[in-house]
Amino acid sequence: QVQLVESGGGLVQAGGSLRLSCAASGRTYAMGWFRQAPGKEREFAAGINWNGRSTNYADPVKGRFTISRDNAKNTVYLQMNNMKLEDTAVYYCAASNTWATTPARYEYEYWGQGTQVTVSS
């Protein structure tokens, strides 16, 4: 019912910045970004509610990453600044049928294919 396509991943040096985009088809409410590093579990990074007025961040990215959305374009963004080596992961966009932001993976019913982000020294 909802399809998500991520873009903007790539290679960046530590301390640099990247912006990820997630274009959605179909209606979305709360949305989030998750990431999965090699050999590790997928973890919550950032979430945003239906109108973009409420956000939530995981501690490792707090103060460095910013999630936002443009409902007219049905697109969500993740601005990543001051990137660290530990940020290297596949980043996934996800959409929930709930209205409020949530870090719970099971609340997200729709997922993008993922985009690779690699931070180098």
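**Close-up views of salt bridges and loop residues**

Four salt bridges are found when the whole structure is searched, a salt bridge being a side-chain nitrogen of Lys or Arg within 4 Å of a carboxyl oxygen of Asp or Glu. The structure is a predicted model, in which local features need pLDDT of at least 70 and side-chain atom pairs count only at pLDDT 80 or more, while totals for chains, interfaces and linings use all residues. Residues are numbered from 1 along each chain as its sequence is written, and side-chain values use heavy atoms, with hydrogens and water left out.

**View A. The salt bridge between Arg-64 and Asp-87.** The closest N and O atoms of Arg-64 and Asp-87 are 2.7 Å apart in this salt bridge. Because Arg-64 lies in the loop between β6 and β7 and Asp-87 in the loop between β8 and β9, the pair ties together parts that are 23 residues apart in sequence; strands here are DSSP runs (E, at least two residues), numbered from the N terminus. Both residues, Arg-64 and Asp-87, are buried, where buried means under 20% relative accessible area, exposed over 50% and partly exposed in between (1.4 Å probe, protein chains only).

View B. Arg-64, which sits in the loop between β6 (55–57) and β7 (65–70), has a relative accessible area of 10%. When its neighbours within four places in sequence are left aside, Arg-64 is in contact (heavy atoms within 4.5 Å) with Gln-79, Met-80, Asn-81, Asn-82, Met-83, Lys-84 and Asp-87.

**View C. Arg-35 and Glu-43.** A salt bridge joins Arg-35 to Glu-43, with 2.9 Å between the closest N and O atoms. Arg-35 is buried at a relative accessible area of 6%, whereas Glu-43 is partly exposed at 37%. Arg-35, Glu-43, Arg-64 and Asp-87 are linked in a network of salt bridges.

**View D. Lys-62 and Asp-59.** The side chains of Lys-62 and Asp-59 form a salt bridge with an N to O distance of 3.1 Å. Asp-59 is exposed, its relative accessible area being 62%.

View E. Most residues other than glycine have a negative phi. Asn-74, in the loop between β7 and β8 (75–80), has a positive phi of about 55° although it is not a glycine. Asn-82, in the loop between β8 and β9 (89–96), likewise is not a glycine and has a positive phi, of about 50°; the relative accessible area of Asn-82 is 46%, and this residue is partly exposed.

Technical notes: Helix = DSSP H or I, 4+ residues; strand = E, 2+ residues; numbered from the N terminus.
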